[in-house]
Every structure is written in C-alpha cells, then in structure tokens.
Amino acid sequence: SAKKYDVTIVDGQSSFAVTTTETEPIEILNEAGITVTTDDKLDITGFVESKGGVIVIDRFNKIYLEIKDSITVYGVYSDTVGAALNEVGFFVGENDRLNYALDEAVTDGMVIRLENAVYATVNSDGESKEFAMLGGTVEDLLALAGVELKEDDYTSHSLDAAVEDGLSVSVYRVEYKEETVSEEIKYSTEKIDDSSMEIGTQSVVRSGENGKADVTYKIKYVN
C-alpha cells in the first residue's frame with residue numbers, strides 16, 4: 001500500500017494539515033474537500049511528492065475600489081486588504097482612511113473605500129508647515145494649522161478653495177502705520193489787473209517763498 005505522509009494546506013488566512021497517500025496536489029485538495037477554480041493559483045514550490053510539505057492556495061477575488069465616487073474593479077490574489085491594495089498599486093498612508101482594517105481578509109465582491117489624504121503647506125509668520133487632510137477648504141487648513149486671520153490679513157488662495165495635494169498657501173499679515181513727514185509747499189502766484197500800468201507790462205508786488213507743512217500718511221505694511 002502507498003505510504004501516508006502529512007501535507008500542510010494554506011488557504012488564504014487558514015492553515016491546516018492533512019494525512020494522505022495521494023501524490024498530486026489537486027488530488028490532495030479534492031481528498032480534503034477543498035475546491036479551487038480555474039482562476040485560483042496553486043503554489044507547490046514547498047511541496048515534495050510522497051514526502052510532504054506545503055501547498056498554498058492563492059484565491060482569486062474581485063474587489064471594488066472606490067476612490068472619490070469612482071469605482072474600479074480589480075482581480076487580486078492577496079489575502080488581506082492591505083496586501084490587495086499594494087497588489088493593484090495603491091499605498092495606504094498613515095493619514096489615509098479605509099472602511100476596512102489593513103489586515104482584514106479579502107472576500108470576493110468586497111467594496112473597499114479609500115480616502116487618500118492630501119498634503120498641503122501653510123506659510124505663515126515666518127514658518128512653513130505641512131499638514132495632512134482628508135479633503136476640506138483652505139479655511140479648514142488654516143484652522144488645522146492654528147492660524148487666525150485678523151481683519152486686514154489675506155491669503156494667496158480663496159478661503160473657500162478646495163485643498164488639493166501639494167497646495168501651498170501663504171498668509172499675508174497686514175499692518176497699517178501712520179507716518180508724519182515735513183514737506184515743502186510751493187508758493188502760488190496771484191495776478192492782479194492794474195489799469196494804471198501800460199498794457200503788456202507787469203511788476204512784482206511781493207516775492208513769494210516756499211513754505212513747509214507736516215503731512216501724515218497711512219502706510220500699509222504686508223508681512
């Protein structure tokens with residue numbers, strides 16, 4: 001009779017051992033009551049016929065990835081949500097939001113919602129700091145940065161503008177100061193008709209002199 005030996009079967013996140021006399025991996029799975037589809041993959045690099053080892057089943061699952069109201073269908077072989085996202089080219093950052101835990105098992109037909117954080121910079125009061133946000137407006141970004149605008153301050157972008165990845169918002173501080181300076185005032189000339197003088201002649205009654213006056217200006221300083 002054929003010799004019995006032990007084989008470990010890894011199916012997704014489940015793992016168990018079977019004792020068999022079968023030599024073909026697919027027959028071993030059939031004997032264990034495990035069904036595989038034509039889309040599933042078998043990894044038998046760790047299996048040795050009639051001696052044992054490991055048979056790994058990579059299940060094919062369809063996932064629906066929803067990003068910003070757009071849904072795309074992907075076929076994946078990864079066992080967990082995090083690995084599946086990496087498989088289709090999406091990296092989940094620490095500030096991103098998912099509707100599943102990264103270590104949750106993938107199931108066929110799963111809808112995964114991913115909200116990618118955007119990174120924006122605030123330049124204010126001589127400092128530049130980057131912040132991560134899951135959407136919002138420039139006003140929300142300033143609130144996150146703890147930046148308050150005074151009555152005359154303004155920003156490089158409208159407060160109701162949507163924050164996009166890579167956005168850099170500058171805050172302009174406005175201050176008004178009054179400055180008084182002494183300025184020269186030119187004298188004016190007054191002409192007076194004199195009927196006693198011959199036509200076409202003129203004379204100077206009194207010579208004018210330039211004067212001075214204090215003038216106050218309101219000056220606008222930005223940053």
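**Exercises: a sheet and its salt bridges**

Strand β10 (residues 118-124) pairs with β11 in the antiparallel sense over 7 bridges. The model is predicted: local features need pLDDT of at least 70, side-chain atom pairs count only at pLDDT 80 or more, and totals for chains, interfaces and linings use all residues. Residues are numbered from 1 along each chain as its sequence is written, and side-chain values use heavy atoms, leaving out hydrogens and water.

**Exercise 1.** State the strand order of the open sheet and name its edge strands.

*Solution.* Strands are DSSP runs of E, at least two residues, numbered from the N terminus. Two strands pair if DSSP finds at least two bridges between them. The order is β11-β10-β13-β12, with mixed pairing. The edges are β11 (127-133) and β12 (154-155), each pairing on one side only. Within β11, Glu127 stands opposite Ser124.

**Exercise 2.** Decide whether Asp153, the salt-bridge partner of Arg173, is buried or exposed.

*Solution.* Buried means under 20% relative accessible area, exposed over 50%, partly exposed in between (1.4 Å probe, protein chains only). Asp153 has 10%, so Asp153 is buried. Its closest N and O atoms with Arg173 are 2.8 Å apart.

Technical notes. Helix = DSSP H or I, 4+ residues; strand = E, 2+ residues; numbered from the N terminus. Salt bridge = Lys/Arg side-chain N within 4 Å of Asp/Glu carboxyl O.
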